[in-house]
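This briefing is meant to be read beside the sequence and the coordinates. It takes up the ligands, then the nonpolar core, and then some local details of the backbone and side chains.

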Amino acid sequence: MPVILGIESSCDDTAAAVLVDGHIRSNIIANQKVHEQYGGVVPELAARAHLQNIIPVVDQALSTANIDKKEVNAVAYTLGPGLIGSLLVGNSFAKSLAMSLGVPLIEVNHMQAHLLVHFEKSIPDPSFPFLGLTVSGGHTQLVLVSSPTEMEVIGQTLDDAVGEAFDKAGKMIGLPYPAGPFIDKYAQKGEPNIPFSMPKVPGLDFSFSGFKTNVLYFLRKQQQMDKDYIQNHRNDLCSSVQHILVNILMEKLEKAVIKTGVKEIVIGGGVSANSGLRQALTKQTDWNVFIPPLSFTTDNAAMIAVAGDFKYRNNNFGVLDRQAKSRMSL
Ligand code: KG4
Ligand code: ZN
């Protein structure tokens, strides 16, 4: 009955989770409110907030799971990719804790974990090979996953990530950071009646920078005619932004299915919480779709513990002198 403590600190969420025999027993996340006023994550402030949060978050994860630290068999932590200062806090803490408890360390790739969380034992498992769509504030990737350790990126964004596109469009509409969840909420009250244009990117890659400019110029033009345009059309604007971004993702996913012949589809990352994307996927009756529970979508340590469990079972352990990696391929 292995007990794995997962620790995640790659961006602005300090998280810890306890996995017992493949089941998540606790999944604690401290969000950092300090970034809201800046409209985006400030790396130096994120690292400082991780320092303040990490001990209480780990304590809470252990007590919620009703596990004593002496019962932990391994400490899994996010090695990368992410903000270097943020990663360093989690990395140093995980190493010190593993050393003091005399248990192995497990190094986890954050982007792999967004997909591998689907192997938590309380939810249905996808089978290999599957197509992964990882959509977050920093990434937009189509991944062909042949096994827990064999992942090939077959398409990715050439510029911004889709979460960033949600956040930046939301900022223009006057929504707080991160705007993705707000766009999702207001979209449900509106109609997608503003025809933002689809980017034309060949193959399986994505691009979202043209979309941002599209929204900016559209809003400028409308505001010249009606200074209250945004207030008066907030719900339709959100619905239209969500509609186009979901269409962009679905178009590439459809292409990837045709190209690879793989119909087992797994989504992960913060944007996989989006209700428009979830609905669009459930309409694809020909595919076998795996949508994570909301608590496994935005950054969390449950996914780090689940991904760590694969390595634990293969005795694939980390070393104390490993450096945190701000960039890390799959
Ligand atoms: O995976 P995540 O928590 O952190 C990164 O690794 O980036 O993803 C955060 C991103 C943000 O851009 C946020 O706006 C977006 O996920 N997001 C959403 C929703 N919930 C979170 N975007 C659209 N709809 C949502 N419901
Ligand atoms: Zn993430």
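Predicted model: local features only at pLDDT ≥ 70, side-chain atom pairs only at ≥ 80, totals over all residues.

**Surroundings of ligand 1**

- A backbone N or O atom of Gly-137 is placed 2.8 Å from an oxygen atom of ligand 1, and a polar backbone atom of Gly-138 is 3.4 Å from an oxygen atom of the ligand.
- Gly-180 also brings a backbone N or O atom to a distance of 3.2 Å from an oxygen atom of ligand 1.
- Ligand 1 would expose 550 Å² if taken alone, and the protein buries 89% of that area.

- Ideal angles for four tetrahedral donors at a metal are 109.5 degrees.

**The largest nonpolar core**

- The largest nonpolar core is made up of 45 residues, and within it Phe-211 and Leu-245 have the most contacts.
- Several elements give two or more residues to this core, among them the strands S6 (130-135), S7 (140-147) and S9 (264-268), and the helices H4 (162-172), H5 (180-187), H6 (209-225), H7 (229-260) and H8 (275-282).
- Helix H7 supplies the largest share of this core, with 14 residues.
- Val-257 has its place in helix H7, and Val-257 counts as buried because its relative accessibility is 7%.
- Although Val-257 and Phe-130 are 127 residues apart in sequence, their C-alpha atoms are 9.8 Å apart in space.

**Cis peptide bonds**

- Gly-80 and Pro-81 are joined by a cis peptide bond with omega of about -10°, and Pro-81 lies in the loop that runs between strand S4 (74-80) and helix H2 (84-101).
- The peptide bond from Tyr-177 to Pro-178 is cis as well, with omega near -10°, and Pro-178 is found in the loop between H4 and H5.

- Asp-21, a residue other than glycine, has a positive phi near 50°; Asp-21 is located in the loop between strand S2 (13-20) and strand S3 (23-31), and Asp-21 counts as partly exposed because its relative accessibility is 37%.
- Asn-315 likewise has a positive phi near 50° in a residue other than glycine; Asn-315 lies in the segment after H9, and with a relative accessible area of 59% Asn-315 is exposed.

- Thr-78 has its place in strand S4, and a relative accessible area of 1% is why Thr-78 is described as buried.
- The side chains of Thr-78 and Glu-8 are joined by a polar contact of 2.6 Å.
- Gly-40 occurs in the loop between S3 and helix H1 (43-65); with a relative accessible area of 17%, Gly-40 is buried, since the limit for that label is under 20%.
- Gly-40 and Lys-171 are separated by 131 residues in sequence, while the distance between them is 9.9 Å from C-alpha to C-alpha.

Definitions and conventions
Residues numbered from 1 in each chain as written. Chains lettered and ligands numbered in written order. Heavy atoms only, no water. Polar contact = N/O pair within 3.5 Å; in protein donor to acceptor, adjacent residues only side chain to side chain. Areas by Shrake-Rupley, 256 points an atom, 1.4 Å probe, with all protein chains shown as cover. Core = buried A, V, L, I, M, F, W, Y, C linked by side-chain atoms within 4.5 Å. Buried < 20%, exposed > 50% of the residue type's maximum accessible area, 1.4 Å probe, protein only. Helix = DSSP H or I, 4+ residues; strand = E, 2+ residues; numbered from the N terminus.
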